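Okay, thanks for coming, everyone. Let me put the structure up, and then I'll walk you through some helix packing, a cavity and a couple of backbone details.

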Amino acid sequence: MKTTADFNMVNAYIPGRAQVGPATEAMIDRRNALLGPAYRLMYEHPLHIVRGDGVWLMDPQGRRYLDAYNNVTSLGHCHPAVTEAICRQVTTLATNTRYLHDTILELAERLLASVPGTDLAHLMLTCTGSEANDLAYRIAKVRTGGTGVIVTDTAYHGITDAVSQFSPSLGPTVDLGAHVRLVPAPRRYHAEGADLGERFTRDVEAAIADLQRHGIRPAALIVDSLFTSDGILPEPAGFLKGAVEAIQRAGGLFIADEVQPGFGRTGEHLWGFQRHGLVPDIVTMGKPMGNGQPIAGILATADALAEFGKNSRYFNTFAGNTVSCAAALAVLETIERDRLVPHAARIGRLLLDGIAGLAAKYEAIGDVRGAGLFVGVELVSNRATRAPERELTSRVVNRMRDKGVLLSACAQGHNVLKIRPPLVLSAEQAGMVVQALDESLAETCTTRQGGLAIR
């Protein structure tokens with residue numbers, strides 16, 4: 001089954017589409033020659049970045065860009081606590097998990113302590129979120145004896161061969177496996193309030209039944225708990241419960257993909273699934289875990305992991321190395337010490353309310369939604385029909401870049417602005433994002449009764 005999403009990002013650089021300077025053009029040509037055709041650049045006018053500091057990225061001319069998109073460095077670029085931890089550890093010992101070392105044990109204790117009231121008992125480490133989801137799926141297949149996996153219709157869970165088969169947002173060049181079933185993401189304008197959860201539960205139950213009808217035993221339901229690639233769909237809290245109960249009744253596991261929502265981003269808990277009152281069988285994590293140092297992993301229940309651990313040896317040369325573990329510990333300590341979870345709630349509310357205030361001014365804003373420092377702004381050509389306005393979204397993303405604020409887009413219609421700044425964003429910087437969006441919308445569209453005109 002082919003996916004339906006358009007592979008090219010809505011705001012990606014496409015050769016010949018925009019004029020760039022000769023130096024930039026030469027660097028692009030050199031990059032293409034050396035790295036090949038599969039890599040993509042962001043923005044119509046690609047950025048050459050030479051330095052990072054907190055929420056800022058700098059180009060060779062010293063111009064600063066507010067990074068409101070890259071949550072890999074969720075504490076901000078080159079955070080001193082993390083860089084110091086890395087330097088200190090790399091000058092002492094850099095080795096793998098086949099030797100005893102305190103750092104990985106301290107990290108496991110800290111992470112498991114962050115999920116009280118669950119049966120999550122073990123940590124396993126990988127280098128990337130894709131590897132984490134791949135490992136989680138392997139464990140689910142062993143635990144359940146099944147292969148069937150259920151994901152939302154524009155989900156992204158990684159790039160390994162196995163995981164790309166249930167990452168429909170990768171585009172039409174990727175074949176979804178016969179063992180994969182897509183369900184509509186829980187978009188709140190399809191079903192308001194409690195009905196949204198009921199509808200999502202019914203869709204998951206139907207997917208389970210279809211797998212079983214084709215002789216495929218369900219292994220897992222895996223969801224990003226903020227439905228990030230589907231357009232950032234956080235509300236209402238608790239609506240995932242019925243779907244999770246449905247997959248567990250069918251003998252499958254629930255895998256909470258926290259690669260993007262995790263590490264305090266929601267402003268409520270450390271993990272996105274906690275806002276739904278859920279108990280996952282496996283939690284996967286990545287991106288912000290090392291604030292740029294490659295480290296990812298899973299938390300799993302003893303029950304989920306028992307048979308896999310009994311029959312499989314797991315070793316990943318770089319996963320769990322002492323330097324990456326030191327970085328991850330520094331991330332957790334900084335989040336706690338600087339109270340970044342409540343900070344994300346406070347600044348996220350300023351950001352969300354500021355952008356929501358623009359909806360009265362611009363008909364193109366169909367919806368504004370978010371949790372903590374994760375905000376989605378849906379741009380539409382008609383509020384009544386919710387028709388996605390992809391062209392405007394691309395223009396706004398690129399206009400924001402020209403104004404020095406970096407963000408991206410997501411969702412099935414490529415029409416949701418994806419705003420995901422570092423957790424250290426200040427109130428003043430949140431205001432800069434709102435102001436840049438106001439100006440970008442004013443410069444790219446005009447409103448008319450019942451619709452939208454793009455300048």
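So, to start: is the crossing of helix 10 and helix 12 left-handed or right-handed? Right-handed, for this pair. And before I go further, please keep in mind that what you're looking at is a predicted model.

Let me stay with those two helices. Helix 10 covers residues 340-356 and helix 12 covers residues 427-444; their axes sit 9 Å apart, and the packing angle is about 20°. Angles under 35 degrees count as roughly parallel, so that's what we call helix 10 and helix 12. If you want to find the contact on the screen, look on helix 10 for Ile347, Leu350, Leu351, Gly354 and Ile355, and on helix 12 for Ala427, Ala430, Val433, Val434 and Leu437. By class, the contact of helix 10 with helix 12 has nine nonpolar residues, one polar and no charged.

Next pair: helix 2, residues 80-90, and helix 9, residues 322-337. Here the axes come within 8 Å, with a crossing at roughly 150°. The cut-off for roughly antiparallel is over 145, and therefore helix 2 and helix 9 get that label. The crossing of helix 2 with helix 9 is right-handed. From helix 2 you have Ala81, Val82, Ala85, Ile86, Gln89 and Val90, and they meet a set on helix 9 made up of Thr322, Val323, Ala326, Ala327, Ala330, Val331, Thr334 and Arg337. Sorting the residues of that contact gives ten nonpolar, three polar and one charged.

How do they cross? At roughly 85°, with the axes coming within 8 Å. The range for roughly perpendicular is 65 to 115, so helix 4 and helix 8 fall under that heading. Helix 4 brings Leu135, Arg138, Ile139, Val142 and Arg143 to the contact, and helix 8 brings Asp303, Ala304, Leu305, Glu307 and Phe308. This contact of helix 4 with helix 8 splits into six nonpolar and four charged residues, with no polar ones.

Okay, on to empty space. Rolling a probe the size of a water molecule over the atoms shows where such space is left. How many cavities of 30 Å³ or more does the count come to? Three. In terms of class, the lining of the second largest cavity has five polar, three nonpolar and two charged residues.

The peptide bond leading from Glu235 to Pro236 is cis, with omega near -5°. Then jump to the loop between strand 9 (282-285) and strand 10 (296-301), where Asn291 lies. Asn291 isn't a glycine, yet its phi is positive, near 50°.

That's my tour; over to you for questions.

Note on methods: Residues numbered from 1 in each chain as written. Predicted model: local features only at pLDDT ≥ 70, side-chain atom pairs only at ≥ 80, totals over all residues. Heavy atoms only, no water. Axes fitted to C-alpha atoms, helices over the stretch in contact; angles between N-to-C directions. Helix = DSSP H or I, 4+ residues; strand = E, 2+ residues; numbered from the N terminus. Left-handed = near helix turned anticlockwise from the far one by under 90°. Contact = heavy atoms within 4.5 Å. Nonpolar A, V, L, I, M, F, W, Y, C, P; charged D, E, K, R; others polar. 1 Å grid on protein atoms, 1.4 Å probe; cavity = no way out; pocket = protein on both sides within 12 Å on 5 of 7 lines; lining within 4 Å. Points joined across faces, edges and corners; volume = space filled by probe spheres on them.
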